[in-house]
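Dear colleague,

Here is the structure I said I would pass on. My notes on it follow below.

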Amino acid sequence: MAAMDRRRAAILIPPLAAWGLSTAAIFGACVWAGASPWQAKPWVHGDGGLYLEIAKHGYVLYRCGIDWCGDTGWFPALPWLAAASHVVTGLSVVAAGVAIAMLFHWATLQLLWVTFLGRQFTFGAIGALLFAAFVPGVVFHETFFPLSLLAFFTLLHLWLLYRGRWVGAGLAGAAAALSYPVGVLLALTSAVWLLAQAKPFTQKLHAIGAASALTLAGLGVFLIDQRLELGRWNAYLLAQRKYDHVLEQPFAQLENALSILHHHSPFAVTKIIPVQTTFGITTVTADETVFVAALLACGLVAIALQRPLDPLGLLLAIWAVAFWVIPQLESEVQSYRIEASLLPFALFLPRLPRPLVALFVLLAVAASVPLARLQFQGWLV
């Protein structure tokens, strides 16, 4: 019995402790921002309000001058779960949605610990767990926003794909695709990785048909739902059209961040005052953008130097490059949202030397808490 209790503690306590620390930091950032964590308003800022409207009223699309307005440009997994939880538990929709987001963040840490990290009490594994707990933009994992769902289903997809469970990987990918637009890229990354495997081509096609095609089915569910609710297949595109997204080279945001840090101190975040300035906000996000790019570079080098190249390393590299580069090909996309979607970057840390592991964990904590404060003050859209 004692041995079983110790085993259970080894499974549950590390991710629960990491989640508790990050959640306490989020509550602290809310208080630091001058808001009450016991009120609904701080937990629903920016696009969170659109997810809340979907949960309460379903999708809405209407003409606003020459453009289309509404909430059809946002994906439904979190609103659907929040609405269902509201009906079942009687909680307010906001409380239900925030509770779901927080629970999925904990579930992501638990999944990471028992799968990829193998419950190993090593410096790299603990560092990876802490990085995932304080991933830059963690505030979007613990408020009315779907990034904790995306992180959980992305990790589950990658693990099941690596283990050869194609249907399970496809279903997890479909859930990720229903959570956030970038989740659709799992169909691409899984297909590329499967094609790179040393297997007969017919087996590769079978695996792609299960893992990648099922992931795309999540996007299909989203489009069918909007067709049923609004009578339009293109409601998502109509709502997004007014933002004038255009293609740009993927390193524009990194170049801008490096320019900001070249002309201003990266520690300027410590000088941010209650009345925020654009300079303060851009300094925080520039710090985050640069260090996440540095982690990607270090992780890719560590994978490339390993001989022979292991399949898991290749899968992580393909996923990481796609999820970091492709969203940045589109203009008018906030960098801090991209970085917040990259929680599985934590898988790079066990491959790095200890000093780099410690550095990236400290940088994650240093970036995530001030960014959370800005979100609670309503400065991030």
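Accessible areas here come from the Shrake-Rupley method with a 1.4 Å probe. By that method the protein chain exposes about 16600 Å², and carbon and sulfur atoms supply 69% of this area.

Please keep in mind that this is a predicted model. The mean pLDDT of the protein chain is 90, with 91% of its residues at 70 or more. Residues 269–282 have a pLDDT below 50; in the model this stretch has 19 contacts beyond near neighbours in sequence.

Overall shape and fold

The radius of gyration of the protein chain is 20 Å, which agrees with the value near 21 Å that a compact globule of 381 residues would have. Along the principal axes, the C-alpha atoms fill a box of roughly 60 × 50 × 50 Å. Of the 381 residues, 54% count as buried. Among contacts with a separation of 6 or more, 76% are between residues 24 or more positions apart.

The secondary structure consists of 15 helices and 2 strands. Strand β1 (residues 61–64) and strand β2 (residues 67–70) run antiparallel and are joined by 4 bridges.

Nonpolar cores

The largest nonpolar core has 111 residues. Those touching the most other members are Leu112, Phe131, Phe144, Trp319, Trp324, Phe345 and Phe376. Apart from this core lies another, of 5 residues, including Leu61, Trp68, Ala235 and Leu238.

What does tryptophan 324 touch, leaving aside its neighbours within four places in sequence? Its contacts are Phe251, Leu254, Val292, Ala293, Leu296, Ile338, Leu342 and Phe345.

Tyrosine 243

Tyrosine 243 is in the loop between α10 (235–240) and α11 (252–263). Is this residue buried, partly exposed or exposed? Its relative accessibility is 35%, so tyrosine 243 counts as partly exposed; the buried class is under 20% and the exposed class over 50%. Glutamate 288 is 45 residues from tyrosine 243 in sequence, and their C-alpha atoms are 24 Å apart in space.

Regards

Definitions and conventions: Residues are numbered from 1 along each chain as its sequence is written. This is a predicted model: local features need pLDDT of at least 70, side-chain atom pairs count only at pLDDT 80 or more; totals for chains, interfaces and linings use all residues. Side-chain values use heavy atoms; hydrogens and water are left out. pLDDT is the predictor's confidence in each residue, from 0 to 100. Contact means heavy atoms within 4.5 Å. Two strands pair if DSSP finds at least two bridges between them. The radius of gyration is taken over C-alpha atoms; the globule rule is 2.2 Å times the number of residues to the power 0.38. Buried means under 20% relative accessible area, exposed over 50%, partly exposed in between (1.4 Å probe, protein chains only). A nonpolar core is a set of buried Ala, Val, Leu, Ile, Met, Phe, Trp, Tyr and Cys residues joined through side-chain atoms within 4.5 Å.
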